[in-house]
Amino acid sequence: MNYQRGTMNNHHPDAIAIGVIDYANVWPLFYHFHPTGVAADIEMIPAVPSSLNAAMREGGIDMGPISAFAYGESSDQYSLFPNLSVSAHGPVQSILLFLKKPLLEALKGTVALTTTSATSVNLFKIIAAKFYHAEPEYVNMDPNLDKMMEAADAALLIGDHAIRASWSNTIYEVLDMGELWRQWTGHWMTFAVWAVRNEAIRKHPADIRRIVKAFETSKQLSLKDPEPLVQEAVRTIGGTGDYWRHYFSRLHYDFDRPQQEGLQLYFQYAYELGLLDHKVRFELWSENMVG
């Protein structure tokens, strides 16, 4: 039983490299995960989402919570854990469109898109094209609301940037992309999936099984008592306990048929619009997978 903290460039070749993202929306999956309690050779590798997506694709990380769109781009390399995701059926409070003018007017102008999330950016492009038949001019920008609004009629922010901007915003109308998706489709939206490289399953089938169970246990403990996560968020990000209790209550961490159907529709639209160059078919991990 061995736990190391590595980097993407020098992790031990025999260890299972797990990517770690320090975003509040994935905390429930990691908070009670203790690598030293898992009978496997594990390295935890910190990464921002874009780096984790790339490292998974290139084989530098074996498993982790990658963005849904990144999974769609390289789905043939991965299997998905059926009980782990970051999903919502409605508002998520952290994927927000800030508007200078009414939405239909803004969609005729310029929309600034955060550079930090392919899933949310493409979700917005799908909503604009499929449901509003709009083709705004898009500009990619670092997540700074003031600068984005100097250059555009609307700005899309995600994660902690969106949350903090929503707290301080007093002048812009704000739309939640998770809620817009539900209004138009009736479906769930999955923002991150838990993927494992197929070659890691072939090399370490028993270890993968133990690791999955440990993450599922962390999820269940977090859902049973979210208060430690709430207090951690207040301490490290800000806001109130009530805000974070509501925030965590809106997110779901399963990946069952309702979440799969919503994500399949997202991928279908992405393919139809040319955002993906192939149709995506899910490959779900099961305990019966063998090397």
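Predicted model: local features only at pLDDT ≥ 70, side-chain atom pairs only at ≥ 80, totals over all residues.
What volume does the largest cavity have? About 30 Å³. Residues are numbered from 1 along each chain as its sequence is written, and side-chain values use heavy atoms, with hydrogens and water left out.

Now, the terms. On a 1 Å grid over the protein atoms alone, a cavity is a set of points where a 1.4 Å probe fits but cannot get out, while a pocket is an open set with protein on both sides within 12 Å along at least five of seven lines; lining residues have an atom within 4 Å of a point. A volume is the space filled by probe spheres set on the points, which are joined across faces, edges and corners.

Back to the cavity. Its lining consists of Leu97, Leu103, Leu107, Phe124, Ile127, Ala128, Tyr132 and Leu180. H5 gives the most, with four residues; helices (H or I, at least four residues) and strands (E, at least two) are DSSP runs numbered from the N terminus.

H5 also packs against helix H8, residues 177-185: the axes come within 11 Å and cross at roughly 35°. Axes here are lines fitted to C-alpha atoms, for helices over the stretch in contact, with angles from 0 to 180 degrees between N-to-C directions. On the H5 side, the contact (heavy atoms within 4.5 Å) includes Phe124, Ile127 and Tyr132, and on the H8 side Leu180 and Trp181 are among the residues.

Next, the largest pocket, at about 500 Å³. It is lined by 33 residues, and Pro49, Ser67, Thr116, Ser117 and Ile158 lie nearest its centre. Helix H2 (49-58) is one of the elements giving two or more residues to this lining, and H2 gives the most, with four.

Finally, two side chains for you to look at. Which residues does Lys219 touch, not counting those up to four places away in sequence? They are Pro28, Leu29, Asn83, Leu84, Tyr253 and Asp254. Lys219 sits in helix H10, residues 205-224, and counts as buried because its relative accessibility is 3%; buried means under 20% relative accessible area, exposed over 50%, partly exposed in between (1.4 Å probe, protein chains only).

Gln93, in the loop between strand S5 (78-88) and strand S6 (95-99), is buried too, at 16%.
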